Amino acid sequence: MNQALDDLLDLLDLEQIEQNIFRGRSRSAVVPRVFGGQVAAQALVAAGRTVPDDRTAHSLHSYFLRMGDPGAPIVYTVDRIRDGRSFTTRRVVAVQHGQPIFHLSASFQTHEEGLEHQAEMPTAPDPETLPTAAEMLPRYADRFIDPGVVDRFLEARAAVDLRYVDAPPYGTVGEAREPRSQVWFRANGKLADDPLLHVCLATYVSDMTLLDSVLLAHGRGGWAVGDVVGASLDHAMWFHRPFRADDWLLYDQESPSASGGRGLGQARIYTQDGQLAITVIQEGVVRVPRA
C-alpha cells in the first residue's frame, strides 16, 4: 500500500466522540475547500458504523450545503431513522463552525436473492494501456491558470490510480465534444475485505470526474483553466452488486442536460468483467465567469 492510500484510509477512520457522533479530519485538496468526495465518504463511514455487519449499503442521497473548511474538523451526527427486518436507514449531518455543510441519507440491506438483469457494459480499452495521471497531466500544464495545479492534482489523487480513456476537458479546450467521458480507476494498493470500505472508496472517487461530461459538451476546460466556476450540489449513488475498489472499475459518464447555471451528470460503474456495480447521478453548479 502506498503512503497516500494509507493516509486516505486513515482519513476515513473517523473518531467516535459519543454515541452516534463522529469526528473527521480533512486532507489537502486541489482547491482551498473540503473535497466533496471526502465528506460524502466520511458521512457514509459514520452511517455504516451504526449498522449491523450483515447489512451493506445499497443507496445514498446527499446535498452539499456549504463550502467546507479544510483546516477545521468535521463533526458527523447520525440519526438512526429506522431498523427494519431487511433494511436499515440512517441520516447524517456534517457540521463545521456550528453550521451544517453536508447532509446524507443512506440505506443498508441484508443480502437476498432476487431478479437479475443489467445494462451491458460499454466498450473501453484495457486500463493498463492508458497513461497514468503522472504521465498525462504535465502535458496540459500550459492550459492551467496556475502552473502549481498539476502538482496539487497529483498529490490529491495519489491514493487512486485514475486513467482517462480520452482527453479530459482541459485537454480539448474550445472543442465541443459528445457529452460523455470514461475513466478507469482503482485504489493505489490492496484494501481490506470490509465491504463498507470499498463502497466508501468508490464514493470518494465518484465526485472527481462526474461533471466532466457537462464541460465537454461546451468545449470548456474547467475551473483550473478558468473558463467555468462550479461546485457539487447533490449526489446520489445506488450500489447494485459487490465489487472491490482495489480492482479496476470503469466509470462511464454522460451529461443529459445543462441549464440554469447547473449541469447534470449521470454514470454507471462496471467491474472489469462487465458487472454493473454502481449507478451515480450528480448535479452541480456550472457557471461561465462574468467578465
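1. Two strands are said to pair if DSSP finds at least two bridges between them, and helices (H or I, at least four residues) and strands (E, at least two) are DSSP runs numbered from the N terminus. By that rule strand 2 and strand 4 pair, running antiparallel and joined by four bridges, and within this pairing Ile21 has Thr77 of strand 4 as its bridge partner.

2. A word on the source: this is a predicted model, in which local features need pLDDT of at least 70 and side-chain atom pairs count only at pLDDT 80 or more, while totals for chains, interfaces and linings use all residues. Residues are numbered from 1 along each chain as its sequence is written, and side-chain values use heavy atoms, with hydrogens and water left out.

3. The sheet as a whole is open and antiparallel, with twelve strands in the order 1-2-4-5-6-3-9-12-11-10-8-7. Strand 1 (15-18) and strand 7 (160-164) stand at its edges, and because each has a single partner strand, one side of each is left without a neighbour in the sheet. From one strand to the next, the twist averages 25°.

4. Strand 4 (residues 74-83) also pairs with strand 5 (residues 87-96), in the antiparallel sense and over seven bridges, and a hairpin of three residues joins the two. Along this pairing Val78 stands opposite Val92 in strand 5, and Arg82 stands opposite Thr89.

5. Which strands does helix 2 lie across? Helix 2 (residues 36-48) lies across strand 2 (21-24), strand 3 (55-64), strand 4, strand 5 and strand 6 (99-110), and runs at about 50° to strand 6. Here axes are lines fitted to C-alpha atoms, for helices over the stretch in contact (heavy atoms within 4.5 Å), and angles run from 0 to 180 degrees between N-to-C directions.

6. The axes of helix 1 (residues 3-12) and helix 5 (residues 195-206) come within 12 Å and cross at roughly 105°, so the two helices are roughly perpendicular (65 to 115 degrees) to each other. Leu5, Leu8, Leu9 and Leu12 of helix 1 meet Leu197, Leu201 and Tyr204 of helix 5 in this contact, whose residues divide into seven nonpolar (Ala, Val, Leu, Ile, Met, Phe, Trp, Tyr, Cys and Pro), no polar and no charged.

7. Two loop residues deserve a look. Asn20, in the loop between strand 1 and strand 2, has a positive phi of about 70° although it is not a glycine, and it counts as buried (under 20% relative accessible area, 1.4 Å probe, protein chains only) at 17% relative accessibility. His97, in the loop between strand 5 and strand 6, has a positive phi of about 50° and is not a glycine either, but His97 is exposed (over 50%), with a relative accessible area of 61%.

Notes. Parallel < 35°, antiparallel > 145°, perpendicular 65-115°, else oblique.
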